[in-house]
Amino acid sequence: MFGFFDKLKKGLSKTHQGFVEKIDRLFLGKKVIDQDLLDDLEALLFEADLGVKTTTQLIEGVRQGLKRGDLQDPERVKGFIKQEILQILHSGEKPLSIDFAKTKPFVFMVVGVNGGGKTTTIGKIAHQYSSQGKKVLIGAADTFRAAAVEQLEIWANRAGADFIKQSKGSDPSAVAFDSIHAARARNTDLVFIDTAGRLHTKVNLMEELKKVKRIVGRECPGAPHEILLVLDATTGQNAISQAKLFNEAIGVTGIALTKLDGTAKGGIIVGITEEMKIPIRYIGVGEAIDDLKEFNASDFVQALF
Ligand SMILES: Nc1nc2c(ncn2[C@@H]2O[C@H](COP(=O)(O)OP(=O)(O)OP(=O)(O)O)[C@@H](O)[C@H]2O)c(=O)[nH]1
Ligand SMILES: [Mg+2]
């Protein structure tokens, strides 16, 4: 049995190779850090999907450190980069804490592009809460494909959650409406609204999501309490443009970053945190029900380095 940390470490091994090991190789045998080396380091950080902003900031930090004379040897530069990344990721570490005495039901609206892992992530989070004895309801507001509803129903059963659906092609906000009303009638603690993920460039998806959000808020004041954007880590920089689009359209309150297992683009978590300033709530490292955990910056950096 592997624990989550081991899975994370294993999952991040390609990112480790493409980033930490490359830094080691770059510095190997180097005694002085000159402009050429800094340029190479910059290119390497950028390729590791840390994003322009973070890369620029890190290189500037190294430059300052060199000037002050406290980053002379490569080991220290590596240590500096590790510390900076940890600090950035700490700023994105804000696990949800729900006060059910005040907020019930707590409503999640889960959004993101096709295949990112919305449905799977809902199943995993629902399972965590129902294992804690919470009453969970899942609403199938992705009415675009019949298979989407079936897939979600399987997850709802696994997670021991109630399930609300309508026929294929029905109005997603009608499903959201039913879900909220059922949750109220049944004294449910948490509601998850799954949504469709047709391309985010299509205006109608955003309009559809806005309507779902509006209806949920009308039927349950204060809801949705969390608009969770699910991003696929393997898409690299694309994840950042998706985050911007969804955030502009409906306002994102938290991010779940999936598929960190086996990708070389794990550095994207740093870029997302730095660019978006939206908390990373969960990370996913596999397809099984236990393969999702609350994001912890220290564990992540430890697993990466
Ligand atoms: N390896 C891995 N696979 C994952 C992870 N999360 C989700 N998946 C897989 O990604 C695929 C797509 O996941 P879904 O949950 O169906 O994604 P979705 O966003 O609901 O997709 P649509 O309903 O088509 O919009 C499935 O095969 C999942 O098993 C993860 O953390 N790691
Ligand atoms: Mg889905």
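Trainee: Which residues does Leu41 touch, leaving aside those up to four places away in sequence?
Mentor: Leu41 touches Ile23, Leu26, Phe27, Ile59, Val62, Val77 and Ile81, where contact means heavy atoms within 4.5 Å. Please note that this is a predicted model: local features need pLDDT of at least 70, side-chain atom pairs count only at pLDDT 80 or more, and totals for chains, interfaces and linings use all residues. Residues are numbered from 1 along each chain as its sequence is written, ligands are numbered from 1 in the order in which they are written, and side-chain values use heavy atoms, without hydrogens and water.
Trainee: How many residues does the largest nonpolar core have?
Mentor: This core has 78 residues, and Leu41 is among those with the most contacts inside it, together with Phe19, Ile272, Ile283 and Phe300. A nonpolar core is a set of buried Ala, Val, Leu, Ile, Met, Phe, Trp, Tyr and Cys residues joined through side-chain atoms within 4.5 Å; buried means under 20% relative accessible area, with a 1.4 Å probe and protein chains only.
Trainee: Turning to ligand 1, which residues are closest?
Mentor: Of the 20 residues that surround ligand 1, the closest are Gly115, Lys118, Thr120, Asp261 and Glu287; a residue counts if one of its heavy atoms lies within 4 Å.
Trainee: What lies 2.7 Å from a nitrogen atom of ligand 1?
Mentor: That is a polar side-chain atom of Asp261. On the backbone, an N or O atom of Gly115 lies 2.8 Å from an oxygen atom of the ligand.

Methods:
Buried means under 20% relative accessible area, exposed over 50%, partly exposed in between (1.4 Å probe, protein chains only). A polar contact is a pair of N or O atoms within 3.5 Å; within protein, one must be able to donate a hydrogen and the other to accept it, and residues adjacent in sequence count only if both atoms are side-chain atoms.
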